[in-house]
Amino acid sequence: MAEPGPGAQRRPRNRKELIVAAAARQFARRGYPDAFVADIAAEVGITASALYRHFGGKAALLVAAIELEIAQLAEAYDAPPELSALLDHAAHHLLRPGRPHALWDRNARFLDPARRDELAARYGTSLKPLRSALATARPDLGRADVVALSVAVHAVLDSGRAYERATVEEPRAGQLMVAAAAAVAEVPWLPQADPVVPPPALPAPPPGASGGLQPASRREAALAAAVRLFAERGYEVVGMDDIGAAAGISGPTLYHHFPGKSAILVEVITRCLDALYFDLAAVLAGTDDAATALDRTLASFVRINLAQGDALSPLFTEIGNVRPEERAPIRRAQQDYVNEWAVLLTAVRDDLTAADAQALVRSAQIAVNTLRRYLPVGPADQWVLLCRVGRAVLGLPDDSVGPMS
């Protein structure tokens, strides 16, 4: 057989791996419903028909992408069993440039139930070395506590996107991440009940799915229903008819208040930002001490997360579904809020640059938002524990001054 000429294009031997990597990036960036096979194929430089020779469709690509994420986690945690060595190994693996983040968290609900259960078990298994290392390092904790603590530590180690956005590169990023994860691993824990915490790969059941008083305003009822449905099913699969039915509002009435689903999402996210800024203004006006202000700002963030976690989560997970022209001002407001924390943090810790502080602030917010969904203890205990975790990530002493005292 004749060899290809010098100008001929050779088919890469790892084309299937390239397709999976491209799919993982598309799913991480856009979410499963808004990622298209044609775009994945174009990123690899092939046609959609050529892609279908390797994968039967988008569902198969999602499975392969999540399997890639699980394999990367397994590699990251395949380390010496001693906790400090494991954290160092995991951080430097998980900080690799271009690694997709939160594929499972954002897209697992789109998997076939049987396959989702299978991959959930594999995801949990990939984190087993972390749980084992924590159990050895923290003999004071029961099994449920170790599982919950592993969720918090893993959230810190998996917050590489925070360092990318702040442009903190290795080796500095790894140093900060390992220090934050190690501090979280040492957080004084509150005893929990028997293991009712879901495995790290499974989302906790949404709280408050029913019950409680309903708003008298139809507009407010629609917003409350939307928040609940977005948390239960994900923004992408919820329709305006679903929101109207859950709120007891007819279609025309709902469209009188909101022109579409995106407008509802923008309203939810904007309100959460307004609530965060409202508390921040009160904090800054109430003290001239940066350490006190930072601790109170963290406490405010935790309080709002506990009270309105389903509404706050889209700020972290669904912002990509907002139209670009509306997304930009939200991103700016979100970045400004992070910057306010970062200014306070650099005033408290003179070893940090502004970029270091921004990365740690985002990582702390991610850890709090993630851990909240896995804690079965009461609201008061949750508040204490989440504040402790946030302070550990930020590198602050564990001596809260209270939410607004």
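Visitor: How many helices and strands are there in the chain?

Guide: The chain has 20 helices and 0 strands. Keep in mind that this is a predicted model.

Visitor: How much of the chain counts as buried?

Guide: Of its 405 residues, 50% count as buried. Contacts also span the sequence. Among those with a separation of 6 or more, 71% join residues 24 or more positions apart.

Visitor: Why does Val147 count as buried?

Guide: Its relative accessibility is 11%. Buried means under 20%, so Val147 counts as buried. Val147 sits in helix 9, residues 143-157. From Val147 to Ala135 is 12 residues in sequence and 9.0 Å in space, C-alpha to C-alpha.

Visitor: Which residues touch the most other members of the largest nonpolar core?

Guide: They are Phe27, Val153, Leu157, Tyr163 and Trp189, in a core of 136 residues. Helix 15, residues 261-286, gives the most to this core, with 10 residues. In soluble globular proteins, nonpolar side chains tend to be buried together.

Visitor: What is Val153 in contact with, leaving aside its neighbours within four places in sequence?

Guide: Val153 is in contact with Leu87, Leu130, Leu134, Ala181, Val184 and Ala185.

Visitor: How many aromatic pairs are there?

Guide: The count comes to 7.

Visitor: Why is the pair of Phe27 and Tyr32 called tilted?

Guide: The ring centres are 5.6 Å apart, and the planes stand at 40 degrees. A pair needs centres within 6.5 Å. Planes under 30 degrees apart count as stacked, and over 60 as edge-to-face. Phe27 and Tyr32 are both buried.

Visitor: What makes the pair of Phe230 and Tyr235 edge-to-face?

Guide: Here the centres are 5.1 Å apart and the planes are at 65 degrees. Over 60 degrees counts as edge-to-face, so the pair of Phe230 and Tyr235 is edge-to-face. Phe230 is buried, and Tyr235 is buried too.

Visitor: Which residues form one aromatic cluster?

Guide: Tyr277, Phe301, Tyr337 and Trp341 form it.

Visitor: How do you know that Lys58 lies over the face of Tyr32?

Guide: Lys58 is 4.4 Å from the ring centre of Tyr32 and lies over its face. The distance cut-off is 6 Å, and the charge must also be within 35 degrees of the ring normal. Lys16 lies over the face of Phe55 in turn, at 5.4 Å from the ring centre.

Visitor: How many cavities of 30 Å³ or more does the structure hold?

Guide: The structure holds 1. The largest cavity has about 40 Å³ of space.

Visitor: What lines the largest cavity?

Guide: The lining is Leu273, Leu276, Phe301, Leu315, Phe316, Gln334, Tyr337, Val338, Arg362 and Gln365. Helix 15, helix 17 (314-317), helix 18 (324-348) and helix 19 (354-371) each give two or more residues. The largest share, 3 residues, comes from helix 18. Two of the lining residues, Phe301 and Tyr337, also belong to the aromatic cluster.

Visitor: How much space lies in the second largest pocket?

Guide: About 160 Å³. Its lining includes Leu94, Pro97, His101, Gly160, Tyr163 and Glu164. Helix 10, residues 160-165, gives the most to that lining, with 3 residues. Tyr163 lines this pocket, and Tyr163 is also among the core residues that touch the most other members.

Note on methods
Residues are numbered from 1 along each chain as its sequence is written. This is a predicted model: local features need pLDDT of at least 70, side-chain atom pairs count only at pLDDT 80 or more; totals for chains, interfaces and linings use all residues. Side-chain values use heavy atoms; hydrogens and water are left out. Rings of Phe, Tyr and Trp (its six-membered ring) pair if their centres lie within 6.5 Å; planes under 30 degrees apart count as stacked, over 60 as edge-to-face and the rest as tilted. Buried means under 20% relative accessible area, exposed over 50%, partly exposed in between (1.4 Å probe, protein chains only). A nonpolar core is a set of buried Ala, Val, Leu, Ile, Met, Phe, Trp, Tyr and Cys residues joined through side-chain atoms within 4.5 Å. Helices (H or I, at least four residues) and strands (E, at least two) are DSSP runs, numbered from the N terminus. Contact means heavy atoms within 4.5 Å. On a 1 Å grid over the protein atoms alone, a cavity is a set of points where a 1.4 Å probe fits but cannot get out, and a pocket is an open set with protein on both sides within 12 Å along at least five of seven lines; lining residues have an atom within 4 Å of a point. Grid points are joined across faces, edges and corners, and a volume is the space filled by probe spheres set on the points.
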